[in-house]
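Thank you all for making time this morning.

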Amino acid sequence: VMVGAVPACTTAAARGLFLRRQHAWIALRCCSSVAAQRGSGPVEVSGRKIPTVNDPPVVREPGQLADVATVVNNFWSMPAVGFNAILQIPVKKFEVLPDQEDPGDLGKLQLPNDIFALPLRKDIIHQVYWFHRKRLAGYQEQTQLSKFEMPGSTKHVRTVPPNYGYGLGTGRWRRKKTPGKYESVFAHPWRPRDWGRVKEIRKKVYRSLKCMLSVKFSHGDIHVVDNFNISSHKTKYAVHFLRRILGRRCKSALLVHQGNRDVNNNFRWATAHVANVRRENVEGVSTYILLKYHQLVITEAALQQLIHNLQNFPKERGWLMRCATPDAKPAPRPEMVPGWNEEWKAMKERLLHAEFRAKEMARERKKWRWSSDLKGPLKIPSSDPLTGFRVRDFSARPKAKPWEKYELHELYTDDEPLESGAEHEAELALLEEQLDLRDHVMQADDRRETVDDVSKFESDRLEGVYEGDGDSDND
C-alpha cells in the first residue's frame, strides 16, 4: 500500500484506524532516519522520546519501560525495555522475621538481553498456550463424521416452491443428513486424545518461553531471592516472607527453585496449603505456568540454571550454524578450472594412435587398480610408492631403541674430574708405600711355622733359635 493511499473502507472507524497506523509508521521511519543522521541519542517527536537502535545504553530494572506508545504500536519488533538496555535485577533475602530489620538488597544481577529483552510476541504466546492446554486436557472435540462421511444422499434439494420467489437464502439445501440427524453421531463429541504426540514447532515453544520471561521483566513481576531455606515450618512465617516481597495485593505466585540445593522441607510444608502459590522446579517452567501465575519468585541458583538451559538449548537441538558461510548454507560447488583434464586427454590420444596400442594400454592398465574404500578415488595406483617408507629420527637427541634399555654413559657418570698436580702425585706415592708394606706383612705371615716342642726354647738361647730359623730359611 502506498503511503497516503487510503483504502475504500466501509466505516469511518476503519478509515481512522488505518490513518493512525500509517502516521505511526511514518513517524517511526522519520525517527530512524533522524537517529541515523545524528549517530546516537534519543529522538523527540511531539514531546515524546522515541527509542531507536542508536540509543545509548540505559540501565533498566524490572518494570521500567521505554516509550509505551511506540512499544504498543510496534510490539512485534521492539523490546519493551528499549534497545541497548542493560538489564539489572536486585537480589533480596527471603527469610526476614517480623522482629528483624529489613536488610535491603543483597546485590544486583545482570540479565542477558536475548532472554529478558525480546519483543512481546503475543501471537506466539497465544499459540503455545493453547498447545499446552490441549496437551493437559487429554480430549478433543473434533467432529465425529465429516460431511462426505455422512450417510445419505448429497443431492441438492430445492426447498422453495418454484412460484414462491427467490432471495430468502433457502433456494438450495446442500445435504439432508447432518450430525444431529444421525444416530450416535455428534458435532462436538468429547473423545480422549493423546496430544503429546502432536509435534508443535519446538522453536516456537522455545521462543514463547523467552517472550514470557521478557513479559515478566517488563511488567515488574519477577523477583530474585537468595534461597528458600527457612528455619520454621509454620505457614504464617512463609506468608509473611512472601507478603514482604510481593505485597498484599498479589493474586498468585510461582516459586521456582533448583532441585534440593536452595529449598528445604520446612519451606515445602509451609507453602503446601497456601492458596494460589505453586512450587516448581526450574526444569518444569513453561509458557502455560508463567501465564497462569501473576508473580514469579525465583532463587539465584534457579535463575542461573534457567539461563544456562535456555542458552544451550539450540546447541542441544542442533539449531546452530553447520556451515561456515555468511548465510549458514552449504557453499556452492566450485567451478571447474579450464584445462584441468588436458594432460589426461593428451595421454589418451597418444595411446589411441600408438603403434603397439594393445601393449601400451595393457601396461597402463596394470598401473592402476580399483579401490575397495567407500570414500575417495575409484582408482588408485597398484604399487604404493610409500610402501617401504620408514620414518627416521633426525633429531639432535635420538630416542633409544627398545632393546637398549640402559646406557652405560647414563648410569655411570663422574661429574667431578680427576685432580692433577703435585698433590695428586704425593697421594699416589703414599698409596704405593702402603701397598708395599701390606705385601711385606702378608709375606711374613706366610713364613711363620708352628712350634710343637717348647723345651727347645728353655735350653737354647733366643739368638740360636733365631739363627737356626734363619738358616733353615736360607736352605
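Predicted model: local features only at pLDDT ≥ 70, side-chain atom pairs only at ≥ 80, totals over all residues.

Residues are numbered from 1 along each chain as its sequence is written, and side-chain values use heavy atoms, with hydrogens and water left out.

The protein chain has 15 helices and 13 strands, where helices (H or I, at least four residues) and strands (E, at least two) are DSSP runs numbered from the N terminus. Of its 475 residues, 25% count as buried; buried means under 20% relative accessible area, exposed means over 50%, and partly exposed is in between, with a 1.4 Å probe and protein chains only. If we take the contacts in the protein chain with a separation of 6 or more, residues 24 or more positions apart account for 66% of them, contact being defined as heavy atoms within 4.5 Å.

Let me turn to the helices. Two packed helices are described by the angle between their axes and the distance between the axes. The axes here are lines fitted to C-alpha atoms, for helices over the stretch in contact, and angles run from 0 to 180 degrees between N-to-C directions. Angles under 35 degrees count as roughly parallel, over 145 as roughly antiparallel, 65 to 115 as roughly perpendicular, and the rest as oblique.

How do helix H4 and helix H5 pack, and at what angle? H4, residues 122–137, and H5, residues 202–219, have axes 9 Å apart and an angle of about 110 degrees, and H4 and H5 are therefore roughly perpendicular to each other. H4 passes H5 in a left-handed crossing, a term used if the near helix is turned anticlockwise from the far one by less than a right angle, with right-handed used if clockwise. The contact draws on residues of H4 including Ile124, Val128 and Phe131, and on residues of H5 including Val205, Cys211 and Met212. By class, the residues of this contact of H4 with H5 divide into eight nonpolar, three polar and four charged, with Ala, Val, Leu, Ile, Met, Phe, Trp, Tyr, Cys and Pro counted as nonpolar, Asp, Glu, Lys and Arg as charged, and the others, Gly among them, as polar.

H5 also packs on H9, where the axes come within 12 Å and cross at roughly 160 degrees, and H5 and H9 are therefore roughly antiparallel to each other. Their crossing is left-handed. Arg202, Tyr206, Leu209, Lys210 and Leu213 of H5 make this contact with Leu306, Leu310, Phe313, Pro314 and Arg317 of H9, and by class it has seven nonpolar, no polar and three charged residues.

Now to the cores. A nonpolar core is a set of buried Ala, Val, Leu, Ile, Met, Phe, Trp, Tyr and Cys residues joined through side-chain atoms within 4.5 Å. The largest one has 38 residues, and those with the most contacts inside it include Leu87, Phe116, Leu213 and Leu290. H5 gives the largest share of this core, seven residues. Apart from it lies another core, of 17 residues, among them Val225, Phe228, Leu255 and Val297.

Is leucine 255 buried or exposed? Leucine 255 has a relative accessible area of 0% and is therefore buried, and its place is in strand E9. Leucine 255 and phenylalanine 228 are 27 residues apart in sequence, and their C-alpha atoms are 9.1 Å apart in space.

I will finish with backbone geometry. Most residues other than glycine have a negative phi, and most peptide bonds are trans. Asparagine 84, in the loop between helix H2 (68–73) and E4, has a positive phi, near 55 degrees, and it is partly exposed, with a relative accessible area of 36%. Alanine 328 also has a positive phi, near 60 degrees; this residue is found in the loop between H9 and helix H10 (342–352), and it is partly exposed, with a relative accessible area of 33%.
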